[in-house]
Amino acid sequence: MIRVLLLVLTAILLGGIVHLSTVLAMPQAAKQDAYSRLTPLTPVNTMVPLATPTAEAEVMPFMDPAFATAVCRYDLSGGALKLIAPVSQAYTSVTFYTRKSIAYYAINDRAAGRRTIELDLMTAEQHAEVPEEEDVTAADRLIIESPTTVGLIVVRALAPEPDLMPMARQALASATCAIQPVQ
Amino acid sequence: MRLLFGSCFTFLIAAAVGLGATWLTLTHGVAFGALTIGAWTAWPKSGSVDIDPYARAIIARSGELPTGMGDGIAFYARTDDVGNPFDGRCTFTISGMTPTARYWTLTLYDPEGRLVANSIDRHGFTSEEIVRDSDGRFTITVAPLARPGNWLPTGGIEKFTLLWRLYDTAIGVATRTTKEGPMPSITRKGCG
């Protein structure tokens, strides 16, 4: 009796380990995460508008159909990235995701406080190489550090009413992301 | 022989317990730091680097991109206020007030996060297009067949999920009480 009880206890303990390790391994094992879904649709370091989700087709689940969306799938191995996103009439936001879909930074048009949202994205190493004077003189230059070399930038513009969707898409059409030439 | 049988038995139970728990937590949306107001639940930390391992696993598995913390917050509902699960063949009303936010959107999805086909091609409302009373309150009727006023069609599907996204809002990790964030109440009005 005690023997069986001991076996069951060991089993539950092992089960706990199995549970924790499978949860932790899931992001590495997932084949259909957002980055993988976007890879065939988006050339690297290019801003690409996504189709508005419909009942028939959508790039990712739980997309907000009231928003026009554009994605820049970035790779910083060739240098820092410059993002320029014009602000639409209603509401515009820019969210940065790691390769594993963690939202590490997000900013909206009001927080950016300008007609366009302009950001420099770089790795910690690239940030360390930015000359200090340059960092100071360009105090209003917004530098974001990416925790991973590759990831996603998602620009979203709200269409408060369906009629305004073309306008939101128009605003996103002039958003760009590009590797900056090495100075 | 007894040893072999014993260890086989142990490993079988371990696998069943471990994988079962993983499957349960990932399909039922279990994550830490939930902010629940009425029928609505949000995970504010899921939009930041403080996201917990369960939420990370759920997001990696579904393929969605969570709403970033500097962007807004997303509240999920799968039942009404008293716990009746959302059935697309029933009628539910959503009414009341929303927390302060620059904009909000309400969207109806199937449990996998896909939009639901319907006759008027409506999948949700934004704060701008909703029809309100003179005192700013609103009522949304979620039903399979057309209703007057703010009708959100269910397409008659068996199960659905509502997602209320607040953009540019102070509601987030620091929100504790329902006074700070009054979310609309959801009531079932009947089925079939």
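**A walk through a predicted two-chain model**

Chain B has a secondary structure of 2 helices and 10 strands, where helices (H or I, at least four residues) and strands (E, at least two) are DSSP runs numbered from the N terminus. Read from the N terminus, its elements follow the order α-β-β-α-β-β-β-β-β-β-β-β. This is a predicted model, in which local features need pLDDT of at least 70, side-chain atom pairs count only at pLDDT 80 or more, and totals for chains, interfaces and linings use all residues. Residues are numbered from 1 along each chain as its sequence is written, while chains are lettered from A and ligands numbered from 1 in the order in which they are written.

Along the principal axes, the C-alpha atoms of chain B fill a box of roughly 80 × 40 × 30 Å. Of the 192 residues in chain B, 38% are buried. A residue is called buried if 20 or more other C-beta atoms lie within 10 Å of its own, exposed if 12 or fewer, and partly exposed in between, with C-beta atoms placed from the backbone. Two residues are in contact if their C-beta atoms, placed from the backbone in the same way, lie within 7 Å. Among the contacts in chain B between residues at least 6 apart in sequence, 69% join residues at least 24 apart.

Both chains are divided into domains, with bounds that come from an automatic or database domain assignment. In chain B, the assignment gives domain 1 (1-30) and domain 2 (33-191), and the C-alpha centres of these two domains of chain B lie 35 Å apart. In chain A, it gives domain 1 (1-30) and domain 2 (34-179), with 40 Å between the C-alpha centres of the two domains of chain A.

The next topic is the sheet in chain A. Its 5 strands form an open sheet in the order 1-2-8-4-5, with antiparallel pairing. Strand 1 (47-50) and strand 5 of chain A are the edge strands; each has a single partner strand, so one side of each is left without a neighbour in the sheet. From one strand to the next the twist averages 20°, with axes taken as lines fitted to C-alpha atoms, for helices over the stretch in contact, and angles running from 0 to 180 degrees between N-to-C directions. Strands count as paired if DSSP finds at least two bridges between them. Strand 4 and strand 5 of chain A pair in the antiparallel sense over 5 bridges, and A:Y97 stands opposite A:A103 in strand 5 of chain A.

Further pairings involve strand 3 (residues 81-86) of chain A. Strand 3 runs antiparallel to strand 6 (residues 116-122) of chain A, joined to it by 6 bridges, and it also pairs with strand 9 (residues 176-179) of chain A in the antiparallel sense over 4 bridges. A:K82 stands opposite A:D120 in strand 6 of chain A and opposite A:A178 in strand 9 of chain A.

The largest nonpolar core has 90 residues, and those with the most contacts inside it are A:L83 and A:I153. Such a core is a set of buried Ala, Val, Leu, Ile, Met, Phe, Trp, Tyr and Cys residues joined through C-beta atoms within 7 Å. Leaving aside neighbours within four places in sequence, A:I153 is in contact with A:C72, A:Y74, A:L83, A:V94, A:F96 and A:C177.

Where the two chains meet, the contact takes 51 residues from chain A and 51 residues from chain B. On the chain A side, helix 1 of chain A gives the largest share, 16 residues. By class, this side has 33 nonpolar, 11 polar and 7 charged residues; Ala, Val, Leu, Ile, Met, Phe, Trp, Tyr, Cys and Pro count as nonpolar, Asp, Glu, Lys and Arg as charged, and the others, Gly among them, as polar.

A:P27 lies in helix 1 of chain A. A:P27 counts as buried because it has 20 C-beta neighbours inside 10 Å. Apart from neighbours within four places in sequence, A:P27 is in contact with A:K100, B:R56, B:A57 and B:A60.

Two loop residues remain. A:F62, in the loop between strand 1 and strand 2 (67-75) of chain A, has a phi near 55°, a positive value in a residue other than glycine. B:D121, in the loop between strand 5 (101-109) and strand 6 (124-126) of chain B, has a phi near 60°, again positive in a residue other than glycine. A:F62 is buried, with 24 other C-beta atoms within 10 Å, whereas B:D121 is exposed, with 12 other C-beta atoms within 10 Å.
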